[in-house]
Amino acid sequence: MPQQGGLLSGTAPVGTALLLLDNKPVRFAADGRFIIGFGRDATPSATLEARLQDGRLLRLPLTILPRQWDISRLSTLSRGTTPSAAYQRIRGAEVAQIEAARATNVNSDGWRQTFRWPALGRISTLFGSQRIYAGGVAGAPHSGLDIARAVGGSPLEGTPALSPADGVVVLATMRPFSLEGNLVMIDHGFGLVSAMMHLQRIDVRTGDRVTRGQPIGLIGSTGRATGPHLHWGMTWNGVRIDPLLVVGPMPGSRSN
């Protein structure tokens with residue numbers, strides 16, 4: 001069922017010439033397969049339309065299930081200071097590189113695969129969680145999920161981060177970004193992109209093809225991180241989605 005933060009796969013009707021989600025084109029393969037994603041705050045309904053080559057129009061109303069998010073209310077803590085002009089200049093260039101990488105359209109069938117976890121351990125922060133600071137000021141919702149410690153409680157720092165599916169590296173940063181640290185972005189095809197953040201070391205280059213389970217670097221604490229962990233974010237055509245709903249429950253671990 002479609003739900004907030006979820007990814008849905010389907011098959012377009014035979015003879016489909018154009019597939020639309022809320023009037024926006026959706027790419028589909030020669031066999032009709034496609035994927036669509038819904039953001040954290042997706043509205044309760046959406047419409048999927050298939051315009052057939054014979055002129056017929058098929059509509060499928062979708063009900064988007066709501067989810068309950070982990071909201072922390074920190075009524076005595078202010079959100080923080082306004083970023084300096086120098087930081088904003090640096091950050092603007094970094095964001096531009098990230099957006100350009102997300103817009104890259106690669107040829108990969110990784111999106112068809114069963115995804116695997118890039119690391120096994122305790123999930124310390126879930127997708128969509130949010131802090132509400134003093135005065136009711138809301139922080140940005142968490143855009144991915146954080147894996148903080150290995151199964152059994154040992155540190156993850158220096159252990160390999162793995163590609164969750166086949167794809168093409170569309171960004172491997174040459175230096176740590178201010179927030180993400182050492183960042184690797186992998187395009188799995190059809191608009192589905194994984195981002196692995198805070199790496200201690202990067203072992204791939206932009207343009208490399210990677211396979212599911214291939215090491216892409218070492219887990220670390222670069223960028224804005226309070227300790228060693230792997231942040232895994234996912235987007236579909238720029239819409240942030242929940243990796244947990246794509247990969248399924250982590251073996252031998254629990255969310256916290």
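In this predicted model, the side chains of Arg201 and Asp203 meet in a salt bridge with an N to O distance of 2.8 Å. Arg201 counts as partly exposed, at 44% relative accessibility, and Asp203 likewise counts as partly exposed, at 39%. Salt bridges that share partners also join Arg91, Glu94, Arg175 and Glu180 into one network. A search of the whole structure finds eleven salt bridges, and among them is the pair formed by Glu49 and Arg51, whose closest N and O atoms are 3.9 Å apart. Within that pair, Glu49 counts as buried at 8% relative accessibility, whereas Arg51 is partly exposed, with a relative accessible area of 37%.

Another of these pairs is the salt bridge between Arg91 and Glu180, in which the closest N and O atoms are 2.6 Å apart. Because Arg91 lies in helix H1 (residues 85-102) and Glu180 in the loop between E12 and E13, the pair ties together parts that are 89 residues apart in sequence. Arg91 counts as buried at 14% relative accessibility, and Glu180 is buried as well, with a relative accessible area of 8%; both values fall under the 20% limit for burial. The side chains of Glu180 and Arg91 are also joined by a polar contact of 2.6 Å. When residues up to four places away in sequence are not counted, Glu180 touches Arg91, Ile98, Met197, His198, Thr222 and Gly223.

Strand E13 (residues 182-187) pairs with E14 in the antiparallel sense over five bridges, and within E14 the bridge partner of Val184 is Met196. The hairpin of E13 and E14 has four residues between the strands, and Gly189 in this hairpin takes a positive phi near 95°.

Strand E14 also pairs with two further strands. With strand E17 (residues 230-236), the pairing of E14 is antiparallel and extends over six bridges, and Leu192 stands opposite Trp236 in E17. With strand E16 (residues 215-219), E14 pairs in the antiparallel sense over three bridges, and in this case Leu199 stands opposite Ile219 in E16.

Conventions:
Residues numbered from 1 in each chain as written. Predicted model: local features only at pLDDT ≥ 70, side-chain atom pairs only at ≥ 80, totals over all residues. Heavy atoms only, no water. Pairing = 2+ DSSP bridges. Helix = DSSP H or I, 4+ residues; strand = E, 2+ residues; numbered from the N terminus. Polar contact = N/O pair within 3.5 Å; in protein donor to acceptor, adjacent residues only side chain to side chain. Contact = heavy atoms within 4.5 Å. Salt bridge = Lys/Arg side-chain N within 4 Å of Asp/Glu carboxyl O. Buried < 20%, exposed > 50% of the residue type's maximum accessible area, 1.4 Å probe, protein only.
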